[in-house]
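Work through the exercises below with the structure open beside you. Try each task before reading its solution.

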Amino acid sequence: MTGRPGGFRIVGQSVRRTDALEKVTGRARYLSDMELPGMAHARLLRSPYAHARLLHVDVRAAREVPGVHAVLAASDLTFCDPFYGPALRDRPLLASEVVRYEGEPVVAVAAVDEATAAEALDLVEVEYEELPAVTTLEEALAPGAPRVHTAEPLAGHFSDLSSLRAKPGTNICHQFDYTRGDVATALAGAHLVLEETYRFPRIQHYSMEPHGALAQWDDEGGLTVWAATQNPFSVRSELAKMFALNASRIRIAVPLLGGGFGGKTYAKLEPLAAALARVTRRPVRLLASVEDAFRTVRRCSARVRLTLAFHRDGRIAALACEADFDIGAYADIAPRVIQKATYTTTGPYRVGHVKLHSNAVYTNTTPGGAFRGFGVPQLVWGVESMMDVAADRLGRDPVDLRRQNLLAHGEEFAPGDTPVDGKLEESLGRLAEAIQWSAAAAPGRAKGIAAMMKASVAPSVSEAIVRLHADGSANVLVSTVEMGQGARTVMAQIAAEVLALPLDRVRVVPPDTSITPYDQTSSSSRSTTMVGRAVQEAAQDVVDQLRKIAADMLGEPAARLTVLDGAVVSGAQRLAYPDLLDHHFGMRGGELIGRGVVAPGRTKTALGGSTPFWEVAMGGAEITLDEETGAIAIESYASVSDVGRCINPQQCAAQDEGAVMQGLGHTLFEEMVYEGGQLLNADLAGYRVPRAGDVPPRLETLFVENGDGAGPFGAKGVGEGGLIPVSPAVGNALARLTGVRMRELPMTPERVWRALRARTRPTTNP
Amino acid sequence: MLRPFALHRPATVAEASEILAQQGRDAALYAGGTELLLILKEGLLRVKSLVDIKRLPGLAGIRADNGHLLIGAAATHRAVEHAPEVHARCPLIARVARHVANVRVRSVGTVGGNLAFADPHSDLATAFLLFDATVRLAARAGERELALGDFVVGPYETSRRDEEILTSVRLTPWPAGTTGAYVKYGLHERPTLGVAVALTVAGGAVRGARIAVGCVGPRPQRLAGAEARLGGWSLADVERRAGEVGAEAAAAVDAVDDLHGSAEYKRDMTRVFVRRALLVAAARSAGREGHERHPHTVVV
Amino acid sequence: MSAIPIRSSSSVRCIVNGRPVALEVRPEALLLDVLRDRLQLKGARRSCDMQVCGACTVLVDGAPVSACTYLAVEVDGREVTTVEGLADGDRLHPLQEAFIDHGAVQCGFCTAGMLLTAKALLAEDPSPTPERVAEYLRGSLCRCTGYRKILDAILACATPKAAAR
Amino acid sequence: MRVERDLDVAAPPERLWAALWDVPRMVACLPGCAEAREVEPQKRYEAHMSQRVGPISLSVPMQVTIADVVSPHSLALEAKGRDGSLGASVAMSVRLAVAPRDGGSRLRVEAEGKILGKLGALGHGVIQRRAEELIDEFGLRLKRAVEG
């Protein structure tokens, strides 16, 4: 298409990140670095109770503190819709009448500085009447359980969730069902039927940068919010509803993010910052602390009951899944998490008979939402553990059994749904080779593997604009958020490749909804595929315009012209871009604007849209165990991702190394611990994230590159997949080492120690 | 964010004590601040004054004193890690100091602050117990010296009176022929368990044993029963029967449930790590260094 | 040393990134806030706010400290180095170069603290083993990279053992 | 946290019961509790509770409500309060049951409580032990008061 025949100039190269220099010199700017003249600082008063009636909120004394600009309680929010939420508008900006989780905001204050704001909050008097709380799935699903919500909230703004199926009279806020084939008959005829239950804990994203927003209203009633968000357009539509404003009057600008991992999708602190800014008539910055972040969003915990049946020859006969996801006190995007993840429970395997059911269950805990993997890790933990249980029972090799059941390249995931776009067998083969599966493990060691296949969000829209300036440099306008994943670098690479420009002639503009075009979200591993393709199209649009101008100048058909090193060439003739623009506009000025739109639209599949690509990742762990303490050590880990093509191999490796380590976190250490409705470890003294010392001595990331991805140059998404196989790979290795099958995460030393003590029979594994 | 306070920088211990006596619970002693500033930021403690004692003359010193090792309360962990006097007299303490918390806390945090805060999940107090540590408390009225075991009375609780200042800790170096080890284990920021052991061997037999266990309970403790069991054992006995001592220690230790683990688990880990620590000490006594590596475990 | 307590502001003179600085600071002012809000040195960042994560690491007289839990008055008479002071003009510090080359930078929120901690380590031990580097970074958290590339970058800046002797 | 204790008292059940029903006096047996007074007879009381955990002092005006009485066998009360400066809320429910035993009586104490806010999370692990000590001391003082 472009570039030198047979290869690429920039795509496929590990070019330096375009933001690396500013980041190593301390010049990179994040939300917390932003200040505006007259800016007020906001703080929140949070509920100490998991569930309580708000009898009385008295903010009078707080308002009297010198330097306080505004103190808001729910009753003051008369100037806006006080509810928000992407799936259900069930979440109040400030608790009204009832608090539904410990840490829910009750009062917000904006003051001249943080100290004054804190002083004011000390003077707020709140009278609570404690109500019985449900903090576990068991409590929430018990007959007659206290209800977290009693009123039906308004529908949110997502079409795929327009028909949320709550179960009236219970804490179930949404149910998902999917059936294919006839599971009952398949089970009856199966050779082996396994039924097991797996549990996944509540996990905190722990982005190094907590949430934050800075809001300012202008004199014409327009609103600007600088937000640490992964999807500015969702924030915009939330604020548009809340303040009854046209989208065109709202501007969401996004600086660099200090990590996201899904925790910064959808509105979080932006509505409160905007409300405070409205009342104070000045810019208001609301920065979350780490403790606040623990009370803002988390990963949904889950209890997953799986039935997995096999034919005698090892083929999967049927799969049934009953999953309960604990989504906390407000829905956030959890309804989509549960249906999207549950729909792909069968992962990379061919399963004819499938019956899936999942519940999104409210509890009195921090709301659950999106988190790297979007519900899939919770299910894969169970399914991939059971693949090994099955291999053991069938006397089969775990790699072999998986290979037998893998979907083929081009095979539809489900009838009418996106065909498999990678070569799953190749991934499995590469993995087995990388961890030397066929070689016996050394004494005291064991290996385990796991595989996963995940859908990206659909329907999905990404748009891009490429502007080629008169001097031959270019801007790429996209709303992809740079949160560490390297998207800005990758977009620049794609544009530079197509435009035949050096990388330093291309600059990607930071997201700003009033300037950069629509993009649904920077999540779901979708940016390289969707936005990347839009950038490719937009750049190609510019190239086509250039060739047309050149064709006009040269009197040659445009189709015969190519671009090379910043010029359109035809044989020995070379027309540099500035000259072409000069000719076109008749002056040194003007610009060529290219446009790219990627919008696959709706389909008739179960969720109304077919994934634009399949994210495929497999992982293999080799472990040792301190049998006396129960502590697992990961000696070696190999991760294989099918990415179609690496646009930037170093950044792909960086993504997967990070994903594996984050996966090790929830596999071995991480868990938000509640007692009596109180979160006990909302800080790093009690919540343990992986450290440098936890990196396995050998950590390898491999990529399958067949150029068969749906994205630009045959690339596709990466970033979530690497995290997902970690838990079952480690659990499978542990089972092979000890005969002990763990079914609950994290596999902390104490939990493994207990399991080892309860062990009744020695391992039957090879 | 910290709420306002006045910062006092007294020139003498007497002056510092005077301020403390006048202000009582409205004043807090400040040295490294690594613990104090945290609870102040969290609003769990509100004071009108901080009394900065780290500049008091001599308080940061580390020196030999009549055969003992005297560590000034304001000496940082980092200073302890590097001090030649510590390496010469109580080398285990230098090694323990090198692994306290993280490098930033070690740069700033002080020995006195660590002991006086009495966080049950701390390394130093456990290791100090092995050196029959005493602490010196000074006030206007005079000084007193207390055994460390009498000073730390519970979690975050010491017998320091409001007007008293912990000025130094005195360690008694081990007799010749003594080797020791400190082993800590844990997943979280602070250890789940710390075990310090020392064996004095003469004529091929254990003549004295010291075992201290910390972090698992309200305060670190010496385990006399377990120590006594080792008396007269040969190094071979220790290597063979260390598990018995571990079991004895586990039975004697006071363990509590917390986020670091259940009391039951901590008790069993006491068994495991007392044995492991004894094996390290015994191997060192026999002139062998090197030990098996275990996850989440630091051996010094 | 003075018997008169510091109740309001006191004057602090120090060297920040090689330049003399004189400031009036209140006793309760934290070094991190003074650096970020008064001196506009935004490279040190607040994350865990409890000395565990290392995002706010700066060097005081060469020693790494958590600026989030460190009184600004303490830097009086001392030398402070922040990430902004690492490069020599336009010439990056070798650690900065190595972090870029090894892809050790992702979101960048931990980067300043990582660089300064690594600088302190290499000053103390120019030829650390990989284990020593990992151990020294115990209090330096990164949620993006998985650490592998950070460790590689730091080790690339170590003096080879033979040369160090 | 939860604490359960059985305590033998060398006094007849009636005397023990009478001592419990003297709520201000009974509440004052809890270490750190002072200024106990009656607000509404046999229904609502007030007391002030102070506790120290190292450098941290908790000072809470408590409202005590009698939740359930099965005279002369058992008494359930609930107490709650808040330390505004620490942002810590304390909530307790205590059930005291009296039964005859070997000529004397046996008092069963079942206490359940929580401290909400930062202190509660931070003190997790420490608070359980402290609560046990408090209930033990409460039992001793009550016993002394009744037997003496």
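Domain bounds here come from an automatic or database domain assignment. The model is a predicted one.

**Exercise 1. State how chain C is divided into domains, and how the two parts meet.**

Solution. 
Step 1. Chain C has domain 1, residues 10-83, and domain 2, residues 94-164.
Step 2. Their C-alpha centres are 22 Å apart.
Step 3. Count the contact. Domain 1 of chain C brings 17 residues, and domain 2 of chain C brings 12 residues.
Step 4. Look at the side of domain 1 of chain C that touches domain 2 of chain C. There, β4 (57-60) and β5 of chain C each supply at least two residues. The largest share, three residues, comes from β4(C).
Step 5. Sort that side of domain 1 by class: 10 residues are nonpolar, six are polar and one is charged.

**Exercise 2. Describe the fold of chain C by its secondary structure and its overall dimensions.**

Solution. 
Step 1. Chain C has six helices and six strands.
Step 2. Compare the radius of gyration with the globule rule. Chain C has 17 Å, close to the 15 Å that the rule gives for 165 residues, so chain C is as compact as a globular protein of that length.
Step 3. The C-alpha trace of chain C spans about 55 × 35 × 30 Å along its principal axes.
Step 4. Of the 165 residues in chain C, 58% are buried.
Step 5. Take the contacts in chain C between residues at least 6 apart in sequence. Of these, 60% join residues at least 24 apart.

**Exercise 3. Which pair of chains has the most contacts, and which chain does chain C not touch?**

Solution. 
Step 1. Five pairs of chains touch, and the pair with the most contacts is A and C.
Step 2. That contact takes 41 residues from chain A and 42 residues from chain C.
Step 3. On the side of chain A, α1 (20-24) and α16 (649-669) each supply at least two residues. Helix α16(A) gives the most, with eight residues.
Step 4. By class, the side of chain A that touches chain C holds 20 nonpolar, 13 polar and eight charged residues.
Step 5. Turn to chain B. Its contact with chain C takes 27 residues from chain B and 28 residues from chain C.
Step 6. On the chain C side of this contact, the elements that give two or more residues are β1 (2-6), β5 (63-66) and α3 (111-124). That side has 16 nonpolar, seven polar and five charged residues.
Step 7. Chain D is the one that chain C does not touch; the nearest C-alpha atoms of chains C and D are 13 Å apart.

**Exercise 4. Work out how helices α11 and α12 of chain A are oriented to each other.**

Solution. 
Step 1. Two packed helices are described by the angle and the distance between their axes.
Step 2. The axes of α11(A), residues 398-405, and α12(A), residues 424-434, come within 10 Å and cross at roughly 170 degrees.
Step 3. Angles over 145 degrees count as roughly antiparallel. The two helices, α11(A) and α12(A), are therefore roughly antiparallel.
Step 4. Find the residues that meet. From α11(A) come A:V399, A:R402 and A:R403; from α12(A) come A:E425, A:L428 and A:A432.
Step 5. By class, this contact of α11(A) with α12(A) has three nonpolar, no polar and three charged residues.

**Exercise 5. Examine the burial of helices α7 and α3 of chain A.**

Solution. 
Step 1. Just after α7(A), A:R281 takes a positive phi of about 55 degrees.
Step 2. In α3(A), residues 114-122, the buried residues are A:T116, A:A117, A:E119, A:A120 and A:L121.
Step 3. The buried residues of α3(A) pack against β1 (40-46), α2 (60-63), β3 (68-73) and β8 (105-111) of chain A.

**Exercise 6. Where is A:R602 placed, and what does it contact?**

Solution. 
Step 1. A:R602 is in the loop between β29 (592-598) and β30 (614-626) of chain A.
Step 2. A:R602 has 14 C-beta neighbours inside 10 Å, so it counts as partly exposed.
Step 3. Leave aside neighbours within four places in sequence. A:R602 is then in contact with A:P459, A:G608 and A:G609.
Step 4. The C-alpha atoms of A:R602 and A:A40 are separated by 44 Å, and the two residues are 562 residues apart along the chain.

Definitions and conventions
Residues numbered from 1 in each chain as written. Chains lettered and ligands numbered in written order. Predicted model: local features only at pLDDT ≥ 70, side-chain atom pairs only at ≥ 80, totals over all residues. Helix = DSSP H or I, 4+ residues; strand = E, 2+ residues; numbered from the N terminus. Rg over C-alpha atoms; globule rule 2.2 N^0.38 Å. Buried ≥ 20, exposed ≤ 12 C-beta atoms within 10 Å, placed from the backbone. Contact = placed C-beta atoms within 7 Å. Nonpolar A, V, L, I, M, F, W, Y, C, P; charged D, E, K, R; others polar. Axes fitted to C-alpha atoms, helices over the stretch in contact; angles between N-to-C directions. Parallel < 35°, antiparallel > 145°, perpendicular 65-115°, else oblique.
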